[in-house]
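Here is a short briefing on helix packing and strand pairing. Keep the structure open while reading.

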Number of protein chains: 2
Amino acid sequence: MSSIDRRQMLKLSSAASLAVAVSTSTAHGLSAQTSTNPEMVPQWEVFEIALPGPSAGNPFVDVQLGARFSLGHRSVEVEGFYDGAGKYKIRFMPDSLGNWAYTTTSNAPELAGKSGAFTCTAAQRGAHGPVQVRNTHHFAYADGTPFFPFGTTCYAWIHQSEELQRETIESLRIGPFNKIRMCIFPKSYEYNHNEPALYPFERDASGKSDFTRPNPAFFAHVEQRVADLRALGIEADLIVFHPYDRWGYSSMPAEADDRYLRYVLARMSAYRNIWWSLANEWDLMRAKSAQDFDRFFRIVEQHDPAGHLRSVHYSHTMYDYSRPWVTHASLQTAAFDSAPTWLTAWNKPICFDEVQYEGNLNSRWGNLSGQEMMRRFWLGVIAGCYVTHGETYLDPNAAMDENTTPVIWWSHGGKLHGISPARIGFLRGLVESTARDQGKDATRTGFTAQNPAYYLNASTVNASDRATQEVLYFLDYHQPIYYEFPLPDGTYTAELIDPWEMKTVPLSGTFSGKSKIRLSGTPFQAVRFRRT
Amino acid sequence: MSSIDRRQMLKLSSAASLAVAVSTSTAHGLSAQTSTNPEMVPQWEVFEIALPGPSAGNPFVDVQLGARFSLGHRSVEVEGFYDGAGKYKIRFMPDSLGNWAYTTTSNAPELAGKSGAFTCTAAQRGAHGPVQVRNTHHFAYADGTPFFPFGTTCYAWIHQSEELQRETIESLRIGPFNKIRMCIFPKSYEYNHNEPALYPFERDASGKSDFTRPNPAFFAHVEQRVADLRALGIEADLIVFHPYDRWGYSSMPAEADDRYLRYVLARMSAYRNIWWSLANEWDLMRAKSAQDFDRFFRIVEQHDPAGHLRSVHYSHTMYDYSRPWVTHASLQTAAFDSAPTWLTAWNKPICFDEVQYEGNLNSRWGNLSGQEMMRRFWLGVIAGCYVTHGETYLDPNAAMDENTTPVIWWSHGGKLHGISPARIGFLRGLVESTARDQGKDATRTGFTAQNPAYYLNASTVNASDRATQEVLYFLDYHQPIYYEFPLPDGTYTAELIDPWEMKTVPLSGTFSGKSKIRLSGTPFQAVRFRRT
């Protein structure tokens, strides 16, 4: 935290009334806000302090509020926020078990010097903490459980009708995805012409926004959806800025950008299932430069006490993912062949977050066949990276008009219609079964055998002692009737995998060295070898 | 012709007996050697002088023979060759109508100073002359008829059993291909372990070759197969050297290489349907350098009076296709995205001669799905280039053993089993129908519309006045249900094309500007617009 920030959180010592709340979640239902004044907060849930305070002037700008949470000799400084109607809140996600104490700070006397305590208890079932980078190119929850992103994309789903949002949640509940890319701001684009029910800032009668006055109801709604996802075990990859805009949110002054960003951080950092995507297609935001995003990254570093993952997505011009404040790359490309170069250069995980969408739109990025989408997932995972799904199906009889607002998963959510999600779920199952067997320190590394006769996409999964535990070959559009698979030292069992039919057939016997195996002679097959 | 070559063809004046022959062909049957002493030779057929001469010593090395053919003030110098058993031949393909005269030259008195004459008459039906470069990036026969290479690959088909060679010829007769890549030398490689019936050089009892003594029967057989292809209207892309060898042909001394090359040129340049491919995978020939191929190119330039097309094929390291003696690029890659760069850099036609093979082999290059092969043809043609087919299907129950010698089209010929040839024929039909409509000066240029919403593979066919006559879009794995196609100025009719189902559906009405068209919503579709 910078010295400026510290100065803003003047310590005062008033002892006004105090309410605290904790939001809990389960892995199987939607979250609910629960008791005030809790003495017990499970690890990685939200501890919330609610305080009454000044409502005169513009509290969003005038009032600074924070708290210092302490556990033994460790302390964490957290920013609070104005929630409208004279209410102030401070949220904190305890990451360690034990007895925490806190004291508030504020430039408003009635908000400062409030103290209290709570006990952080064992995490609830299904709560593993925020996702972090683990083993350089991979991810894990804070408790060490490996996390393999199999994400999807619904940019503006939280700005649709309540009924449609419920449908989206149900689709996510029964679907194969564990991450979703979603915008905070509403979206204005082809097929996205509806007004949102809530706006992020107060507006006057003419529709002009007052960027100094966030709309607490808007942000409470975003939080509710993030909590809903948390209850489903789904990471919310929150897109903070984006260029698809007719309301002015993409071209606010720098001080308004920064204030908005800090408001979001104060409200939402305590949700364990958040990733920060500072923009979608940052390079299409004409009012912003790479330097603006450098600044945003530093603000997030300083004001997110949970240290959530941080990246930014581009259209044509990459942000420099080697910068130290970027935790992982968020790519718009299907150049999986470049993965080895990029992994080595950046030393970070890579999410191929936009590889185009399965669908039938009149735009090149929105009309991949389901087969091609499945193929891209396999190529990305085999390369030791991660891939994000998106779907853009129009009704085949839809009007040929981009000015309509049909329900398309990519933006609006709703139902999934594609043929790739089931295959993506099958691949996720394979990857997770490896992790269960190999332990949390296992890492997947893509490679290509150098012998031209064996030039196939493959990856190895190595245990923490670097011994190869698994070799997974993906044959892409190749369709041999037999193949001689080179194997590292050791003895392996083998399975034939049909990624399209989603079937696995174990082979009898064991294999070592160069292993000839008879195959189906059809394209898009895979073979997995696992050390005995 | 160099001064050294001129010195070798000493003019002598003996008047020995003389026989000439002309081989004729039709577009619909196999060729036949016909009458001696013809007075009439159709344009682009083979006029052949046969002379008895010395058989003592080593005539292949000792005797130089040539002839000067004259038409009016024009003369062409041609090398003859020793055909064994005291027989010498000089072959000439007249490229111009009229009364030709000739006189032989030799360092053997009985071969020198023979004179004669013949009349070159109108070309036979289906004979259009040798293929040449036309309009920078394209090809045409000498008579101006456009030639669009849709080739296939049967490296060693002429070294299989007579029955199998007949089967190959029949497959070619009914198939979609108009060019074949084939080796002069026999082949030793995976699945290629048989001995040829004929060897290119004399061998002693131990199998050791005498590279100073070509085997005339071997070369007569090659010529017969080239003549058979000529009768089918198929170009023979003759591979002069290659690395798949256990007999020593890939590592002869330089003087033996050069003598062999000149023997081939003397025997075969008069066949109009020849292209010279100086090597397959030149960079895998460990005994050869790029400088050796520079020299081979210059020898071909000097000793092929017909000026047939010249290129060389690589495995990993490209030969420098910008060199002036290379007429076109012969690539082993499927990097169609690089086509615009290469076309601009080289200013020559590009044949993607090895884009891997449709099949089911245990080698990455030999197991493409038929869908992927079809896709590669479309991507290459759309890019304004040409693509060559190959097929490598094993019986699904074949032994898992590369030491067997099954019949595989890629090497042995036989029957075609794949699903891509019919689709390749369909594409050839589309391309040729455009040529029929647009005339011989029409050129196809690949482009990619720059508007991201329209970023699709496409090509235009422009008439000689550069006006766009046709726009062909290929949608690859994209599957929109409608699409807005940008069109150049003008009014166009449109057809929906299904490259896989091989169906064309004309749309009613005409189109101009940005034209929205409803599509099938399935992958691998195309749309063709033609100027009204």
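## Hairpins, sheets and helix contacts

In the hairpin that β5(B) and β6(B) form, two residues lie between the strands, and G72(B) takes a positive phi near 60°. This is a predicted model.

**Hairpins of chain B**

- Strand β5 (residues 65–71) of chain B runs antiparallel to strand β6 (residues 74–82) of chain B, and six bridges join the two.
- L71(B) has R74(B) in β6(B) as its bridge partner.
- β6(B) also pairs with strand β7 (residues 87–92) of chain B, in the antiparallel sense, over three bridges.
- Within that pairing, I90(B) in β7(B) is the residue opposite G80(B).
- β6(B) and β7(B) make a hairpin too, with four residues between them.
- In the turn of this hairpin, G84(B) has a positive phi of about 90°.
- A general point on strands: when a strand is regular, its side chains alternate between the two faces of the sheet.

**Three-stranded sheet, chain B**

- In chain B, three strands make an open sheet with antiparallel pairing, in the order β10-β11-β12.
- β10 (131–134) and β12 (146–147) of chain B are the edge strands, each pairing on one side only.
- Four bridges link β10(B) to strand β11 (residues 138–141) of chain B in the antiparallel sense.
- One bridge partner pair is Q132(B) with A140(B) in β11(B).

**Three-stranded sheet, chain A**

- Chain A has an open sheet of three strands in the order β10-β11-β12, with antiparallel pairing.
- β10 (131–134) and β12 (146–147) of chain A stand at its edges with a single partner strand each, so one side of each is left without a neighbour in the sheet.
- Strand β11 (residues 138–141) of chain A pairs with β12(A) over two bridges, in the antiparallel sense.
- P146(A) in β12(A) is the residue opposite A140(A).

**Helix α3 against α4, chain B**

- The angle between the axes and the distance between them describe two packed helices.
- The axes of helix α3 (residues 162–174) of chain B and α4(B) cross at roughly 25° and come within 11 Å.
- At that angle, α3(B) is roughly parallel to α4(B).
- The crossing of α3(B) past α4(B) is right-handed.
- On the α3(B) side, the contact uses E162(B), Q165(B), R166(B), I169(B) and L172(B). They meet H221(B), R225(B), D228(B) and L229(B) in α4(B).
- By class, the α3(B) contact with α4(B) holds three nonpolar, two polar and four charged residues.

**Helix α4 against α5, chain B**

- Helix α4 (residues 216–231) of chain B and helix α5 (residues 254–268) of chain B have axes that come within 11 Å and cross at roughly 50°.
- This makes α4(B) oblique to α5(B).
- α4(B) passes α5(B) in a right-handed crossing.
- From α4(B), the contact residues are P216(B), F219(B), A220(B), V222(B), E223(B) and V226(B). From α5(B), they are Y260(B), Y263(B), V264(B), R267(B) and M268(B).
- The contact of α4(B) with α5(B) divides into nine nonpolar, no polar and two charged residues.

**Helix α5 against α6, chain B**

- α5(B) packs against helix α6 (residues 290–303) of chain B at an angle of about 30°, and their axes are 10 Å apart.
- α5(B) is therefore roughly parallel to α6(B).
- Their crossing is right-handed.
- α5(B) contributes A254(B), D257(B), D258(B), L261(B), R262(B) and L265(B) to the contact. α6(B) contributes R295(B), F296(B), I299(B), V300(B) and H303(B).
- Six nonpolar, one polar and four charged residues make up the contact of α5(B) with α6(B).

**Chain A overall**

- Chain A comprises 10 helices and 32 strands.
- The radius of gyration of chain A is 24 Å, close to the 24 Å that the globule rule gives for 532 residues, so chain A is as compact as a globular protein of that length.
- The C-alpha trace of chain A spans about 75 × 60 × 40 Å along its principal axes.

Definitions and conventions: Residues numbered from 1 in each chain as written. Chains lettered and ligands numbered in written order. Predicted model: local features only at pLDDT ≥ 70, side-chain atom pairs only at ≥ 80, totals over all residues. Heavy atoms only, no water. Axes fitted to C-alpha atoms, helices over the stretch in contact; angles between N-to-C directions. Parallel < 35°, antiparallel > 145°, perpendicular 65-115°, else oblique. Left-handed = near helix turned anticlockwise from the far one by under 90°. Contact = heavy atoms within 4.5 Å. Nonpolar A, V, L, I, M, F, W, Y, C, P; charged D, E, K, R; others polar. Pairing = 2+ DSSP bridges. Rg over C-alpha atoms; globule rule 2.2 N^0.38 Å.
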